[in-house]
Amino acid sequence: MGEASKTVHSAVLTYTSMISLLTLCPPFVILLWYTMVHADGSILQTLGYLKQHGLQGFVDIWPTPSPTAWKLIAAFGAFEAFLQLALPGKRVEGPISPTGQIPVYKANGLQAYAVTLITYISLWWFGIFDPAIVYDHLGEILAALTVGSLFFCVFLYLKGHMAPSSTDSGSSGNLIIDFYWGMELYPRIGKNFDIKVLTNCRFGMMSWAVLAVTYCIKQYEMNGRVADSMLVNTVLMLVYITKFFWWEAGYWCTMDIAHDRAGFYICWGCLVWVPSVYTSPGMYLVNHPVHLGNELALSILVAGLLCIYINYDCDRQRQEFRRTNGKCLIWGKAPSKIVASYTTTKGETKTSLLLTSGWWGLARHFHYAPEIAAAFCWSVPALFNHFIPYFYVMFLTILLVDRAKRDDDRCSSKYKKYWKMYCDKVPYRILPGIY
């Protein structure tokens, strides 16, 4: 009876959370933008407006996607798709999939990132295009992305049913689950154009960088100068995104790519949630320039850079450990490890090495701690006049705690007794001594 009720509760919770996210995330993106840009960053002001005007008030603030918004999105998407296909890059293999496939990628993200930023800043510098237009049409762009990305997720759902790219696909038999979690692990157009690389990396992460620069330029055009708070925010975000593209091949081995299928959760999130929520501290600072002073600005900058470096070094350690099959040095010593065997869906027995020293000896997902701390560092230049610049940090904390739990559950079912041995050796999930 206890097990049955637990399963039912789990199913009810799962459906409730899925339907809540499907219905609440799109309007939330618009409300976040409205609060940042038109309500002085005050949640209370937005709530007061909605209380006074009701549902009609919400309809009135929802921007209509304009032709300019659609053109900007189409131009950016097409440019990034072109760079993904055209730029040279090293051939990289992803991890073995559940059905035994090995996805192949072209690692040209850093080149695409450099070309994108140089092109964007050059267009502004030479007076060809004013990035302030992007900020001025931001509400319309987010409204267009919200609707367009939902249709894109429908396309992914239909493609998964009718023309899957590999055997790493399939239906759960439930339309809502299939739409939310996705049908395909590695959807592609043709043999080489990977859809998740486009949505997650080249559109989502790239738009974060482009918007960070946009907010800086907009503040400069409004005030004739860029506040030190905006500079700290922008530099830290751009360093973090540069780290991401430097390490992009490593990202292709993470849960987002190797385990989460292409559906609303991942693809809509990267196409809409990243450009809106992830960039929100900078969006707030455009109209709320804060003067930190050299000492405080430098302290926040150094702390943020240190957090980003530790996050990078965690990923570098694990990547080097995997690349050398454990034959490397971690913090000057031979790494300690657990040799874990597992069975694929085809019944083949394979082995993996689980790293239990270095950063990975502190906690099983220690790399999430400096990532959350870095996000706090590029949010805190807004100081504490309003809560909303810190929404992203709160969201990221919930996301990564949930991801750590999902990853533990997946590894437990995959490695079984070996995962228990690993947990005995590395007992903490994210923060050593705490959690």
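This is a predicted model: local features need pLDDT of at least 70, side-chain atom pairs count only at pLDDT 80 or more; totals for chains, interfaces and linings use all residues.

Student: Why is glutamine 219 called buried?
Tutor: Its relative accessibility is 0%. The cut-off for buried is under 20%. Glutamine 219 therefore counts as buried. The residue sits in helix H8, residues 195–223.

Student: Which residues is glutamine 219 in contact with, leaving aside its neighbours within four places in sequence?
Tutor: They are Gly224, Arg225, Val226, Ala227, Met230, Leu285, Val286 and Pro289.

Student: At what angle do helix H12 and helix H13 pack?
Tutor: About 45°, with the axes 5 Å apart. H12 is therefore oblique to H13. Angles under 35 degrees would be roughly parallel, and 65 to 115 roughly perpendicular. H12 covers residues 264–278 and H13 covers 280–287.

Student: Which residues meet between H12 and H13?
Tutor: Ser276, Val277 and Tyr278 in H12 meet Ser280, Pro281 and Met283 in H13. By class, that contact has four nonpolar, two polar and no charged residues.

Student: What makes arginine 91 and glutamate 93 a salt bridge?
Tutor: Their side chains meet at 3.2 Å, N to O. The limit is within 4 Å, so the pair qualifies.

Student: Is arginine 91 buried or exposed?
Tutor: Exposed: its relative accessibility is 57%, and the cut-off is over 50%. Glutamate 93 has 44%, so that residue is partly exposed.

Student: How do you know that aspartate 313 and arginine 316 are about one turn of the helix apart?
Tutor: Both lie in helix H14, residues 294–323, and they are three residues apart. Aspartate 313 has 8% relative accessibility, so it counts as buried. Arginine 316, at 35%, counts as partly exposed.

Student: What makes aspartate 408 and arginine 364 a link between distant parts of the chain?
Tutor: Their side chains meet in a salt bridge, 2.8 Å from N to O. The two residues are 44 residues apart. Aspartate 408 is in helix H16, residues 391–415. Arginine 364 is in the loop between strand S6 (349–355) and helix H15 (368–379).

Student: Why are aspartate 408 and arginine 364 called buried?
Tutor: Aspartate 408 has a relative accessible area of 5%. Arginine 364 has 9%.

Student: How many salt bridges does the count come to?
Tutor: The count is 15. Asp260, Asp402 and Arg406 are linked in a network of salt bridges.

Key
Residues are numbered from 1 along each chain as its sequence is written. Side-chain values use heavy atoms; hydrogens and water are left out. Helices (H or I, at least four residues) and strands (E, at least two) are DSSP runs, numbered from the N terminus. Buried means under 20% relative accessible area, exposed over 50%, partly exposed in between (1.4 Å probe, protein chains only). Contact means heavy atoms within 4.5 Å. Axes are lines fitted to C-alpha atoms, for helices over the stretch in contact, and angles run from 0 to 180 degrees between N-to-C directions. Angles under 35 degrees count as roughly parallel, over 145 as roughly antiparallel, 65 to 115 as roughly perpendicular and the rest as oblique. Ala, Val, Leu, Ile, Met, Phe, Trp, Tyr, Cys and Pro count as nonpolar, Asp, Glu, Lys and Arg as charged, and the others, Gly among them, as polar.
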